[in-house]
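The following note concerns charged and aromatic side-chain contacts. Please read the numbered points alongside the structure.

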Amino acid sequence: MDVKRLPVVCLVATSLLLLPGCLPQEGEEGNQLEESDLTIAMIGEFKFQDTTDPITAHKSTGFHAVKEEFERLHPGVTIDFVIMPWNNYVPNTQAMIAGSQADVYQMPGVNDFAAQGLLEPLQPYIEEDAFDLSVYHDNLVEGWMTFGPEDDDLQIYSLPVLGDGRFIQYDKELFEQWGVEPLSDYPTVEEVMEKAKQMTGENPVTGEQNYGIYFAGTHDTALTATNFMEGFGGEWGTGQRWEEIELNFDSEEMEQALHAMMELSHYMPRSFVNGQGNDRWLTPSNNIAISVNQGNGNMKPIYAQELEDRFPVVQTFKNAEGVGSMFSGSPFAIGETSQNKDLAWEFIKFSSSEYFQRFLWEEWGSTPVIKEAVEWESIQEMELMTPVLEAMTNAVTPRYPWASSQPRYILQAKIEGALTGTLSVEQALKEAQAESTEWIHSR
């Protein structure tokens with residue numbers, strides 16, 4: 001079976017198991033991909049064809065436009081896109097690299113992949129072309145630097161493509177109805193806890209049930225807890241190489257963080273533990289005062305509904321050095337198994353162009369990673385983007401090295417156990433520390 005000639009959805013499926021319908025059937029030539037010179041693997045909700053958002057009615061041009069533009073700039077070259085879901089993207093990507101199924105990869109898990117020797121170092125390409133890294137926003141290139149298996153110092157194995165800063169957002173209208181002062185631009189954990197408590201219960205103006213705060217009890221809760229810990233002055237640990245990493249998952253500050261989250265759970269919809277209960281957030285009928293660990297995907301629905309004045313953006317919790325929260329977003333990397341690395345490098349350079357960054361922002365709402373974007377009218381007309389862009393530059397860098405590896409999911413499971421009452425705070429963190437450390441030592 002020639003994997004490269006299966007439909008795009010099957011290219012993803014074959015990395016774990018073959019889904020029904022992936023094998024080409026007789027007479028189904030139209031489902032097969034034509035041979036390309038370069039394949040780019042993306043993650044998320046991107047589409048190759050044009051699409052319309054069912055909520056905002058915003059029409060987004062598909063990645064066919066990027067294909068056409070790159071091929072126009074490189075006559076005779078053919079490129080294709082493979083778009084996989086976030087679910088299981090780590091093993092999917094691993095299998096795709098092993099099978100040489102793509103050349104350029106969206107690579108939020110760059111630390112783990114570079115450590116395995118699966119990515120091509122980019123410094124030689126940067127030096128040969130004298131590529132100017134100052135085109136990117138401050139802190140972004142450094143945030144994705146990591147170690148390969150033979151490196152003594154942090155190296156560049158990827159370059160930024162999708163920006164994303166974590167932030168806190170609140171409902172100004174609910175604050176006014178409850179008579180509570182707006183959040184500070186850089187709120188502390190204590191400030192958020194105090195104000196969330198004040199705005200839980202029956203709204204004094206509308207009579208509706210309000211909740212003081214929200215964070216999802218699934219998926220990203222480990223990262224939320226880590227930011228709370230930073231707000232209490234703690235650090236996730238030390239080291240960047242796996243053999244040097246020492247975790248602080250059971251530190252005093254992490255205990256403070258999880259105890260704070262346990263208390264805040266009383267001011268949230270009960271279904272938060274299932275990642276539900278916030279379906280009215282960022283709508284005119286919203287009933288939640290504060291939401292933490294928010295991302296740039298909020299901007300499009302807010303502006304589409306003309307609610308930008310109602311939902312201000314403030315920064316996440318910061319430590320004494322003024323940094324905090326996970327460095328997020330995604331870079332592009334070249335797979336070590338790529339058969340066309342020079343062309344792959346040309347595409348990575350192209351991804352920093354005004355064309356490509358405008359396309360990601362204006363069509364798909366992805367925060368631009370290049371400095372010149374602050375001058376774009378489409379950015380300047382959105383005042384909320386100023387603190388969002390600021391949030392990209394004050395996250396913890398380099399990125400948490402465990403953020404796309406098993407320790408994250410171990411910590412996540414233990415925190416969920418504490419929030420659902422099956423584990424005590426102390427037991428949850430003790431187990432997270434022990435199991436994560438064991439995984440690191442055995443990898």
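1. Accessibility classes are used throughout: a residue is buried under 20% relative accessible area, exposed over 50%, and partly exposed in between, with a 1.4 Å probe and protein chains only. The model is predicted, so local features need pLDDT of at least 70 and side-chain atom pairs count only at pLDDT 80 or more, while totals for chains, interfaces and linings use all residues. Residues are numbered from 1 along each chain as its sequence is written, and side-chain values use heavy atoms, with hydrogens and water left out.

2. A salt bridge here is a side-chain nitrogen of Lys or Arg within 4 Å of a carboxyl oxygen of Asp or Glu. The count under this rule is 19 salt bridges. Helices (H or I, at least four residues) and strands (E, at least two) are DSSP runs, numbered from the N terminus.

3. K371 and D138 form a salt bridge through their side chains, at 3.3 Å from N to O. The pair links distant parts of the chain, 233 residues apart: K371 is in the loop between α13 (354–364) and α14 (377–380), and D138 is in the loop between α5 (123–129) and α6 (140–143). K371 counts as partly exposed because its relative accessibility is 35%, whereas D138, at 52%, counts as exposed.

4. A salt bridge also joins the side chains of R280 and E208, with an N to O distance of 3.0 Å. These residues lie 72 residues apart and link distant parts of the chain, R280 being in the loop between α10 (252–264) and β12 (288–294) and E208 in the loop between β8 (201–202) and β9 (209–214). Relative accessibility is 27% for R280, which is therefore partly exposed; E208 is partly exposed as well, with a relative accessible area of 38%.

5. In the salt bridge between K414 and E435, the closest N and O atoms are 3.1 Å apart. K414 belongs to helix α16 (residues 406–419) and E435 to helix α17 (residues 425–442), so this contact ties together parts that are 21 residues apart in sequence. K414 is buried, at 13% relative accessibility, while E435 is partly exposed, at 33%.

6. A network of salt bridges links K67, E71 and D80.

7. Turning to the aromatic residues, rings of Phe, Tyr and Trp (its six-membered ring) pair if their centres lie within 6.5 Å; planes under 30 degrees apart count as stacked, over 60 as edge-to-face and the rest as tilted. The structure contains 30 aromatic pairs. For F131 and W345, the ring centres are 5.6 Å apart and the planes are at 85°, so this pair is edge-to-face. It links distant parts of the chain, with F131 in the loop between α5 and α6 and W345 in helix α12 (residues 341–350), 214 residues apart. F131 is buried, at 15% relative accessibility, and W345 is buried, at 2%.

8. The rings of Y355 and F359 are stacked, because their centres are 6.5 Å apart and their planes are at 20°. Y355 and F359 are four residues apart in helix α13, and so are separated by about one helical turn. At 31% relative accessibility Y355 is partly exposed, whereas F359, at 6%, is buried.

9. Which residues form one aromatic cluster? The members are F46, F63, F70, F81, F332, F347, F350, Y355, F356, F359 and W364.
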